[in-house]
Amino acid sequence: MQSKIDEQAASCCSPAYVRNPHLAALKEDILYHFSLGTATHDLPAMFGDVKFVCVGGSPWRMKEFIEYVATELGMEDPNSEYPDICVGTDRYAMYKVGPVLSVSHGMGVPSIAIMLHELIKLFYYAHCTDVTIIRLGTSGGLGLEPGTVVVTKQAVDATFVPKFEQMILGKMVVRSTDLDQSLADELLQCGKELNLFEVVIGNTMCTLDFYEGQARLDGAFCFYTQEDKQDYLKKACEAGVCNIEMESTVFAAMCKMSGIRGAVVCVTLLDRLKGDQLSSSHEVLHNFQKRPLILVGSYIKKKLNATAAHN
């Protein structure tokens, strides 16, 4: 029997973010996939000032983001190589400049979920407050020009329902995927002010696979027709889906459970209604991939400038 959990984290979760009484019994909590630990590292000194966290699949893209933000915020150090804080592991990469943290999460729900568990605990141990976390990514668009940036209104599963399902202790647990709508609106407004590329808001579909799970016709296996594919994707469009990726539902669910403001910002690399494979040049794709970085970097700069002016 399916058990459904009502996740009202924003109202019941403390600023400490975690909701696990067992952590108090640990003599040391080793954040294994970050190569960090509560006894071996001074986490408050290293991360206590973090206010903005951006996560994305690729390590090199997250390093590119921290370099871009350092320049935008005027914190660029010509002698700095922005070393990987997680250099002791090859699972994830992490970079920091000022109050901004940039972390890679790999590909797919399991990979980002592992990273988020340890990242949220890091916030807790570092005594971080008022953290905003934004996923930067690439995606397949539906009826959008390639290069369009989608700010996620709601993360939905492959049946177009806003939920994340996970098997826990042999039982299916269903969690809400509501994202912070005010943050999404702020990012959309920031895109309008930049006026450098198209920015829209809409639902994002999260799948557990890149090929069959996304109705592609070019995988190693395919037991449906072109007509089946088009029918499915058109139904997704009718449900308000603007783009497809593989991390948004668990990201949204974990942000909600921890009470952290979260948003998903992905650029579309192609229109899936017109094809399955990327045909744009490397230069064009790299330009597209920089667009979420530019939008979110501008948002962070705007927020920090507003805070400085208020103080």
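I'll start with helix 4 and helix 7 (residues 248-258), whose axes come within 10 Å and cross at roughly 20°. That makes helix 4 roughly parallel to helix 7, where angles under 35 degrees count as roughly parallel, over 145 as roughly antiparallel, 65 to 115 as roughly perpendicular and the rest as oblique. Axes here are lines fitted to C-alpha atoms, for helices over the stretch in contact, and angles run from 0 to 180 degrees between N-to-C directions. Helices (H or I, at least four residues) and strands (E, at least two) are DSSP runs, numbered from the N terminus.

Before going on: this is a predicted model, in which local features need pLDDT of at least 70 and side-chain atom pairs count only at pLDDT 80 or more, while totals for chains, interfaces and linings use all residues. Residues are numbered from 1 along each chain as its sequence is written, and side-chain values use heavy atoms, with hydrogens and water left out.

Back to the first pair. On the helix 4 side the residues are Val109, Ile112, Ala113, Leu116, His117 and Ile120, and they meet Val250, Phe251, Met254 and Ser258 of helix 7. Contact means heavy atoms within 4.5 Å.

Helix 4 itself covers residues 109-125; at 1.5 Å a residue its 17 residues should span 24 Å, and the end C-alpha atoms are 24 Å apart, which agrees. The expected span is 1.5 Å times one less than the number of residues. Of those 17 residues, 13 are buried, meaning under 20% relative accessible area, with exposed over 50% and partly exposed in between (1.4 Å probe, protein chains only). Just after helix 4, histidine 127 has a positive phi of about 60°.

Next, helix 8. Helix 3 (residues 59-72) packs on helix 8 at an angle of about 45°, the axes being 10 Å apart. That makes helix 3 oblique to helix 8, and the crossing is right-handed. Residues of helix 3 in the contact include Trp60, Arg61 and Phe65, and those of helix 8 include Gln289, Leu293 and Ile300.

Helix 5 (residues 181-194) also meets helix 8: the axes come within 9 Å and cross at roughly 105°. The two are therefore roughly perpendicular to each other. Among the residues in this contact are Leu183, Leu187 and Cys190 of helix 5, and Ile294, Leu295 and Tyr299 of helix 8.

Is glutamine 289 buried or exposed? At 14% relative accessibility, glutamine 289 counts as buried. Leaving out residues up to four places away in sequence, glutamine 289 touches Trp60, Arg61, Thr138, Val267 and Leu269.

Now the strands. Strand 11 (residues 199-206) has 7 of its 8 residues buried, so it is largely enclosed by the rest of the structure. Strand 11 pairs with strand 8 (residues 149-156) in the parallel sense over 6 bridges; two strands pair if DSSP finds at least two bridges between them. Strand 11 also runs parallel to strand 12 (residues 241-245), joined by 4 bridges. Threonine 204 of strand 11 is the bridge partner of alanine 155, and threonine 204 also stands opposite asparagine 243 in strand 12.

Last, isoleucine 30, in strand 2 (residues 30-31). Isoleucine 30 is exposed, at 54% relative accessible area.

Technical notes:
A crossing is left-handed if the near helix is turned anticlockwise from the far one by less than a right angle, and right-handed if clockwise.
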